[in-house]
Amino acid sequence: MWECPLCNRNFKNNHEPHFCGDKTVGDFLMGKSDNSLVLFDHFILKFEEIGPIKLYATKSMIVIAADIRFAYIINLGKSFVDVVLPFRELHEENLCFRKMVLVPGSNDYNHHLRIMHKEDINDEVFEFMKKAYANGKNV
Ligand SMILES: [Zn+2]
């Protein structure tokens, strides 16, 4: 067992690759299943392939930001991670989103994604992640 000194998360292997965030993120992830933590780390590391990100935790979710926030992890279940990608436009043609919801009082559509396997982050999802990331860059 190894505890990362930065985020206080516990791992089976020393220096297991993961994304630290800060202690509030560590708190949010505390007690979550190994399965969902593996999916969480995989998802975050995929975003890191696109560009640098920061994580923040609120009471109910983890916020992913570049210059500004652009994605949310709203739930870590036993065997899945639920993610929301907000877009200004509705992407109806897709195979990956469970539902798309207009955010009340805005022109944004929340696109809901459930990750149950690492392979769920396929090329299609990765393209949407790039789109979301672009929205997180200040222009
Ligand atoms: Zn860490």
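Trainee: Is the crossing where H2 passes H3 left-handed or right-handed?

Mentor: H2 passes H3 in a right-handed crossing, meaning the near helix is turned clockwise from the far one by less than a right angle. This is a predicted model, where local features need pLDDT of at least 70 and side-chain atom pairs count only at pLDDT 80 or more, while totals for chains, interfaces and linings use all residues. Residues are numbered from 1 along each chain as its sequence is written, and side-chain values use heavy atoms, leaving out hydrogens and water.

Trainee: At what angle do the axes of H2 and H3 cross?

Mentor: Roughly 60°, with the axes of H2 (residues 34-50) and H3 (residues 123-135) coming within 10 Å.

Trainee: Which residues in H2 meet H3?

Mentor: Phe43, Lys46, Phe47, Glu49 and Ile50 meet Phe126, Met129, Lys130 and Tyr133 of H3, with contact meaning heavy atoms within 4.5 Å.

Trainee: Switching topic: is Asp82 buried or exposed?

Mentor: Asp82 is buried, at a relative accessible area of 7%; buried means under 20%, exposed over 50% and partly exposed in between, using a 1.4 Å probe and protein chains only. Asp82 sits in strand S6 (residues 81-87).

Trainee: What does Asp82 touch?

Mentor: Leaving out residues up to four places away in sequence, its contacts are Tyr72, Ile73, Ile74, Asn75, Arg98, Leu113 and Arg114.

Trainee: And Asp120, where does that lie?

Mentor: Asp120 is in the loop between strand S8 (109-115) and H3. Asp120 is partly exposed, with a relative accessible area of 26%.

Notes. Helix = DSSP H or I, 4+ residues; strand = E, 2+ residues; numbered from the N terminus. Axes fitted to C-alpha atoms, helices over the stretch in contact; angles between N-to-C directions.
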